[in-house]
Amino acid sequence: MDKFVIDGGRRLFGSIRAQSAKNSVLPLLAASILTEQRVTIRETPPISDVACMAQILRELGAEVRFEGGDVTIDSANACDHRISSALTKELRSSVFMLGSLLTRFGRAVCAYPGGCDIGLRPIDLHLNALKRLGVEIEEREGYILCSCKRLKGADLVLDFPSVGATENILLAAVMAEGRTVLEGAAKEPEIVDLQNFLNAMGAKIAGAGTDTVVIEGVTKLNGCDYLPIKDRIEAGTYLIGCAVCGGEVEVEGVNADSLGLLLHKLRENGCKIHVKNDKIRIASDRRLKCNRRIETRPFPGFPTDLQAQTAALNSMAEGCALIVENLFETRFKYVPELKKMGADIEVNGRSAFVRGVGRLHGAAVSCGDLRGGAALVLAALGAEGTSEVLDLAHIDRGYADMEGKLKSLGAQIRRVRV
Ligand code: UD1
């Protein structure tokens, strides 16, 4: 697996454009098989999660072509309703395929999903909602077998605003008979993007971005040509990168409201933030103060996908921070690696107590998951001396050309094939 070699301590200057959001593009790809017509998703990031989802679509019989950064899906000849267990295990998002396969074929089979190893990640909310829409579900030898005669709209309530379950419900209800009213929906911007994409195909969905989403089942969906929203987590990662390295960086393409709490926290750290339209500019003199407390929560709360990067920042600041992870049980796996660089962090269940040590030092560290890996890169960029960040496959799942973007800002980073 590849590794990064990073000489820390360089300030970052310049501007970068955020990639299309990974967490939008994956459900949009899943949605693309709802029609037999051609679907184009613009500016699709070349990340391995997208390649994996494309492979799943190909195995179902769809034609998937990447051209000039866009991807076109033609699923007129798709005929299979089973997702192979190797691909399901690699990509948790393949669970969205249940909703779209049921809509398209009335049947779906997949293994229990994989993805980042950051906790138990059950899918009970997905399965219970599908049952309420008329799906019969059998679980046998690690496989989920779903079938239905006709999907029927229903009143649904999610006990927890799960992003994936909300998306799956949209995909299963979009062509169901009658109306589905979903209460307790996740409100992430990526849900709004999925609604807009489906509506561009001819769906009748309203309310995404609020607690209640109403889906009027339609009988047919058309192809479409769609530009997804930009990746707020990627943007947030590079903003934190500038905070820890010092310098001045502008990230373009992301709506600042989707990063509201992060920007507030970065100001608490002592950074200057300036927002104009879809450009966020950060200036940092690297004399950072710790955030007193950060708790991850569903949107619009602090995103769990930026928790690790923020812990790296707080390690390089002055003071103490308490970080509480409310979404995933084992999302502190990067902590032992950060400690190799001199960080002082104590984990107790869902909480991490960070004592800021000012500067970290270079070390050889390994990525254990996508966002934890990004946190290690940020720590290495801000540290004194040279670091090696190993196991980049985790980072390549979600960040397109991370080294190219960081180099363009002045970082000393290179990828070495191992
Ligand atoms: C999505 C994002 C991921 C992000 C997460 C939370 C994608 C591809 N991934 O993941 O990057 O970190 O949202 O913002 O969009 N849960 C259950 N039962 C279920 C479903 C979820 O108990 O049926 C629990 C999970 O274990 C977890 C919490 O709900 O503790 C949040 O999960 P969810 O919002 O579903 O996250 P994902 O859709 O997996």
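Color by burial: buried residues make up 57% of the 418 residues in the protein. Buried means under 20% relative accessible area, with a 1.4 Å probe and protein chains only. This is a predicted model, where local features need pLDDT of at least 70 and side-chain atom pairs pLDDT 80 or more, while totals for chains, interfaces and linings use all residues. Numbering starts from 1 along each chain as its sequence is written, and side-chain values use heavy atoms, without hydrogens or water.

Switch to cartoon. The protein has 14 helices and 23 strands (DSSP runs: H or I of at least four residues, E of at least two, numbered from the N terminus).

Now select the ligand and its shell. A residue belongs there if one of its heavy atoms lies within 4 Å. The ligand has 18 residues around it, and Asp124, Leu125, Ser162, Asp305 and Leu327 come nearest.

Show distances from the ligand's oxygen atoms. Polar contacts are N or O pairs within 3.5 Å.

- Leu327: a polar backbone atom lies 2.3 Å from a ligand oxygen.
- Asp305: a side-chain N or O atom is 2.6 Å from a ligand oxygen.
- Gly164: a polar backbone atom sits 2.8 Å from a ligand oxygen.

The protein covers 88% of the 740 Å² of accessible area that the ligand has on its own (Shrake-Rupley method, 1.4 Å probe).

Next, select helix H5 (124–132) and helix H6 (163–173). These are the elements giving two or more residues to the ligand shell. H5 supplies the largest share, 3 residues.

Definitions and conventions. A polar contact is a pair of N or O atoms within 3.5 Å; within protein, one must be able to donate a hydrogen and the other to accept it, and residues adjacent in sequence count only if both atoms are side-chain atoms. Buried means under 20% relative accessible area, exposed over 50%, partly exposed in between (1.4 Å probe, protein chains only).
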